[in-house]
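The sequence and model are shown first.

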Amino acid sequence: PASDVIGSLTPYQAKRRIVRNVMEGAGLYQAVTYSLTSAAASQKFALKAEETTKLLMPMSEERSTLRQSIIPHLIEAAAYNVARSNDSVALYEIGSVFLGQTTEELPFEEEHLALVLTGKWTDNAWQGEKKQVDFFVAKGIVEALIARLGLTERVSYVKANIDGLHPGRTAHVLLDGEVVGLIGQLHPAEEKQAGVKETYVAELNLLAILSANTEELVYTQVPRFPAMTRDIALELDRTTAAGEIVSIIRAAGTKLLKDVKVFDVYEGEKMAPGKKSVAFSLTYFDPERTLTDEEVVAAHNKVLKALAAAGAEVR
């Protein structure tokens with residue numbers, strides 16, 4: 001008999017649809033690539049390399065093993081386009097990677113999201129505006145997705161060294177302290193081999209991210225009271241990540257501190273060797289009333305003390 005139950009998406013399926021909307025809203029095109037690759041490439045860029053699964057009778061060595069990362073095939077897709085005079089490429093794929101074996105002796109499928117970006121991100125000849133793809137474009141797309149899923153406060157980015165990626169422009173994405181993704185520029189040697197110029201990739205473990213419990217999105221009114229901002233310029237070691245300082249500021253800030261942003265980085269002749277200047281803008285406000293200067297000064301001083309204790313020198 002026909003059922004009276006109305007069909008609907010599961011929470012996971014609904015979140016996966018959000019992923020597609022964010023990617024396509026950012027201007028990326030969806031790609032669909034092979035799940036099979038060569039044994040040599042099967043674990044390249046894998047977030048967690050486990051036992052691989054090989055076909056008993058593969059049609060070719062290049063399609064003999066199930067992949068553990070989507071990135072290699074997206075690089076191939078980007079290279080294919082670049083070789084045909086399409087110098088600007090922005091692709092994403094949602095698909096499975098195959099890790100180890102289940103109790104049924106089948107590979108465990110884990111759904112991932114991957115993206116590849118190369119060439120110009122903005123090319124507006126009329127306005128004379130051009131912008132090449134860079135690390136922050138790739139990270140911005142990931143951040144937009146994380147924000148849309150309501151996970152911003154639980155996600156962090158930590159510098160990483162990953163084979164095949166640029167050692168100074170690569171980061172792991174952590175959810176609740178666990179690695180769930182990567183963002184980075186292809187190593188110049190990899191770019192040369194693939195026949196592409198500066199190229200950025202990212203991959204996220206969608207199974208982990210979309211399975212994370214999140215609170216229902218609640219909208220709040222636009223604040224009726226004015227915010228107050230304070231800027232800080234800090235002299236830091238070049239190796240110190242701005243994200244580490246943002247974490248210190250957020251931890252020291254009272255409930256009045258609502259936002260922290262990096263707005264300037266300077267490395268030049270005016271700085272001591274091995275040092276850099278990073279400027280942060282801190283926003284304070286209370287949605288219920290107008291803050292006084294004394295309240296903001298008190299809250300800001302707590303932040304300054306925490307930074308001094310961490311060895312960050314205010315310029």
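Helices (H or I, at least four residues) and strands (E, at least two) are DSSP runs, numbered from the N terminus. V265 lies in one such run, strand β13 (residues 257-266). The model is predicted: local features need pLDDT of at least 70 and side-chain atom pairs count only at pLDDT 80 or more, while totals for chains, interfaces and linings use all residues. Residues are numbered from 1 along each chain as its sequence is written, and side-chain values use heavy atoms, with hydrogens and water left out.

**Chain**

The protein chain has seven helices and 15 strands. Its C-alpha trace spans about 75 × 65 × 45 Å along the principal axes. Of its 315 residues, 40% count as buried (under 20% relative accessible area; exposed is over 50% and partly exposed in between, with a 1.4 Å probe and protein chains only).

**Sheet and hairpin**

Two strands pair if DSSP finds at least two bridges between them. Seven strands form an open sheet with mixed pairing, in the order β1-β4-β5-β11-β10-β9-β8. Strands β1 (29-30) and β8 are at the edges with a single partner strand each, so one side of each has no neighbour in the sheet.

Angles run from 0 to 180 degrees between N-to-C directions, with axes fitted to C-alpha atoms, for helices over the stretch in contact.

| Helix | Strands touched | Angle with β4 |
|---|---|---|
| α1 (residues 11-25) | β1, β4 (89-99), β5 (108-118) | about 150° |
| α2 (residues 71-82) | β4, β5, β10, β11 (199-205) | about 150° |

S156 has L174 of β9 as its bridge partner. The two strands form a hairpin with five residues between them, and G164 in the turn has a positive phi of about 90°. Strand β9 also pairs with β10 (residues 178-186), again antiparallel, over seven bridges. In that pairing A171 stands opposite I183 of β10.

**V265**

Leaving aside neighbours within four places in sequence, V265 is in contact with S277 and V278.

Technical notes
Contact = heavy atoms within 4.5 Å.
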